[in-house]
Amino acid sequence: MAVSMRDVDPAFQGAGQKSGLEIWRIENFKPMPIPKTSYGKFRSGDSYIILKTTALKSGVFRYDIHYWLGKDTSQDEAGAAAIKTVELDAALGGRAVQHRESQGHETDKFLSYFKPCIIPEEGGVASGFKHVEEKTYLVRLFACKGKHVVHVTEVPYSRSSLNHDDIFILDTKSKIFQFNGSNSSIQERAKALEVVQYIKDNYHDGKCEVAAIEDGKFVADPETGEFWSFFGGFAPLAKKFSSDDESQPEALPAKIFCIQQGRAKPIEGNSLTREMLDTNKCFLLDCGIEIFVWMGRNTSLEDRKAASSAAEELIASKGKLKQAHVTRVMEGFETVMFKSIFDAWPESTDTAISEDGRGKVAALLKRQGFNVKGLLKAAPVKEENQPFIDCTGNLQVWRVNGKNKSPMPSSEQCKFYSGDCYIVQYTYPGEEKEEYLLCTWIGKGSVSEERTTALSLMSKMAESLKAQPVQAKIFEGKELIQFFAILQSFIVFKGGLSSGYKRYIAEKGITDDTYKEDGLALFRVQGTGPENMQAIQVEPVATSLNSSYCYILQVGATVFTWSGSLSTVEDQELVERMLDLIKPDMQSKPQKEGTESDLFWNALGGKKDYPSQKVVKDISNDPQLFACSFSKGTLTGFTGSLEVREIFNFTQDDLMTEDVMILDCHSEIYVWVGQQVDSKSKQQAINIGQKFVEKDVLLEKLSLETPIFVISEGSEPPFFTRFFSWDSSKSTMHGNSFQRKLSIMKTGVSPVVEKPKRRSTASYGGRTSVPDKSQRSSRSISFSPDRVRVRGRSPAFNALASAFESPNGRNLSTPPPVVRKLYPKSLTPEALNKTVPPRSQAIAALTSVFEPMRQRKLLNDFTEVSSETKVTQPKKSETNSVSTNSRASPLVNSRTNSVLMSTRIEALTIKEDSKEEEAEDDEGQTTFPYERLKISSPDPIPDIDVTKRETYLSKEDFCEKFGMTKEAFYKMPKWKQNKNKMALDLF
């Protein structure tokens, strides 16, 4: 497209350079920016342009442009807003999706920017915002509709406006009444309360009473009687009838038009296909309720403006001005809804041309003096590869065998077979109680009967726990970091051991390729470290090799290890560790890529070409939240129709206790189930998630083997809550959504459920119970030289604490592997029979390995730390007494040293943890100018924490750049913080 800068309004200079909202009001047919303090405040006589910029994980910006038309705005102003929206899109490189919004009929996405609602005021800029100051407070009546997004409309203040189906808010001088129609839902009532709070804060300065009136409640109730007194007394309500504003246009078969010379010419055809759209033209798609304008990549700016005008003319000619939603999309950036209208749409589109076009637009704007930083693609957000789960828990694994499950011994819990199904129960300490994670692992070669059995057994185990465990359905090859973290070492063998698998291959006449200890086997080794390493058995042929990995080749009594040329030292160390688990008593023959022996190639059937790029797993996309609804009475096996509705710009408050919600991250699906959901829906949660995957509402080609997690309200794990600014007290409250919000509004106190205390874990497969708190604490502070640093402790402290561990033996290969788990997870009967030495003996043994000089140094340090932490020093006589007694009794001396050592460790822990806390506190932090804190600054500030550049901004600069306070910023999830920092060149 040829872009002329004369066609781009100067008001759009610098637009879209950071995440957030930007709003312009049309004044004299020109866009004028409005101050942020006026965001969300609209007037019915005006037209506005709203730009929403979102930084995606990929590093690119996503743009949504909305032009909002007040009910009293002039047709000329509305046309100007539509045309200026096209100009803004051109200034952004032709990447934005454009939406037409009319007052009272706004889209959910638009309203999500201004939660909880918008309440437009009368007047406009053309009338000089004339507002008559009333001597008495003007009583107003509002109608509220919507379970998840509230549409608020002011209606005539009269009894005839009320009905049994909706929620109404009566705003008086001293009290706000919420009238709940008898046919309204709990969710609607709860969302309407948010509007009540909004009115209270914005129109009453937070100082007025609030009353909830139930439809059909006796007038004898004081507040009910007071409410009806405003309407002249109680009288039965008439049946609701639909007005013209409320009636929706009939959904019609889609008709496509080609825009030529500003006119829409119909195109005949039996079906809609992508091939009908020409990149050199603009097209209009009329679906009755929705109207779409598609703009080819090679069209001119004038062509796009003409197409926009044609859509407005079509709306006016059909008399559906108020209800119509118009969406304008650019080639390569079509919405899911647009694509779904066509019978066939290509799986992927080439957006390289769009990136090229964006760069050309940026270059043209730069030559005109525009700031084009926002048009340049930013670096992708770097995600921390963390499991977000406590790794100090206890693990149990069962193999599914026919209709039953068999417990696996602790030494075999990391060894899975591709032809089998497994159930994993992981118990770990939560904030106030034991938390549970139940996983069903489904091998690629497992039989359908055992897959069904595994899910059924997991469900029964969840019920018997009398808790709310997280349940997961995980397929081989789709495992997530949480699964690898709790197992730490993970091996997948070919074949299977279950009766179902053996029977299946016998019936089908399939050769049994189950792994044999003296057979031929090739394993690909992968992972990030000792706490996350896997060995996957692959076909023993040369084409299975990959230059980016290391391999273990077993040929009878001979073992080879092969290192790809692109593998790292860490990868090669993992091979040695995995070798100890697969073949612990055999010496390997190392092979490096390019120097392999003939014996190695002969075992693989000869040398052949093989790939060099790593296997890429599904990447987590920006999470999207959906509310679910489905047919009642058809939940057995879940044959009902699943309907979902996206919740835009979601927060924790959108998780309502009466709902089933789905969080789609592409690489995994979370099904969140509220406490008030009926029992049948709870039992079918896994199936609901599977139906969502099959439905693929986002047309993202979801794999049918996408991992599915079921999360119960009140037991949300950290790897789920990380997507929200989470307040755990909200998920443990009494009552339904409406009762919870009403209690907080009236009393300011959350009705919190009494938190259960930790209890013994249910026993399965010979396990007795989870160790008590003291035992668990001792596990959590165990160290090995390879263990990652915990809570910022120094290497010296780690070395000191590591003396508590017993060294593990190693016979053949080097470097020394982690023979024992980094965190003890399995508590088997044989483990229970082992005696644990008393703490005093362990400390005495530790003390004996230190030389006298180190002891004196340690005691000197202890004295220094004690004085710093205000520990009371013993008197001289007491010191002499202790010294004398120590000389007299070696046992007492040992105990004294033990106490000193224990106190020293605790003091060091407190001291170093306090340092970490200080580093996170930016109060009193020296501030610097934003321009010098940027990554690309020509004059950067030296000696700062480059991972926290934003902390060096002053409060004023922080609010200006981020559009929020520091407190609000740090309540956001980490990934959202990173996206905002990345947009400002601070990350």
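**Exercise 1. Find what share of the contacts with a separation of 6 or more comes from residues 24 or more positions apart.**

Solution. Start with the term: a contact means heavy atoms within 4.5 Å. Among contacts in the chain with a separation of 6 or more, residues 24 or more positions apart account for 68%. Before going on, keep in mind that this is a predicted model, where local features need pLDDT of at least 70, side-chain atom pairs count only at pLDDT 80 or more, and totals for chains, interfaces and linings use all residues. Residues are numbered from 1 along each chain as its sequence is written, and side-chain values use heavy atoms, with hydrogens and water left out.

**Exercise 2. Work out how strand 19 is placed and which strands it pairs with.**

Solution. Helices (H or I, at least four residues) and strands (E, at least two) are DSSP runs, numbered from the N terminus. Buried means under 20% relative accessible area, exposed over 50%, and partly exposed in between (1.4 Å probe, protein chains only).

- Step 1: 9 of the 9 residues of strand 19 (residues 421-429) are buried, so the strand is largely enclosed by the rest of the structure.
- Step 2: look at the two faces. Cys421, Ile423, Gln425, Thr427 and Pro429 cover one side, with Tyr422, Val424, Tyr426 and Tyr428 on the other.
- Step 3: find the partners; strands pair if DSSP finds at least two bridges between them. Strand 16 (residues 394-401) runs antiparallel to strand 19, with 6 bridges, and Trp398 has Ile423 as its bridge partner.
- Step 4: strand 20 (residues 434-442) is also antiparallel to strand 19, joined by 9 bridges. Here Tyr422 stands opposite Trp441, and 4 residues lie between the two strands of this hairpin.

Trp398 has a further neighbour: the charged end of Lys405 sits over its ring, 5.8 Å from the centre. The rule asks for NZ of Lys or CZ of Arg within 6 Å of the ring centre and within 35 degrees of the ring normal.

**Exercise 3. Classify the ring pair of Phe928 and Tyr952.**

Solution. Rings of Phe, Tyr and Trp (its six-membered ring) pair if their centres lie within 6.5 Å; planes under 30 degrees apart count as stacked, over 60 as edge-to-face and the rest as tilted. The count comes to 57 aromatic pairs. For Phe928 and Tyr952, the centres are 6.0 Å apart and the planes at 45°, so the pair is tilted.
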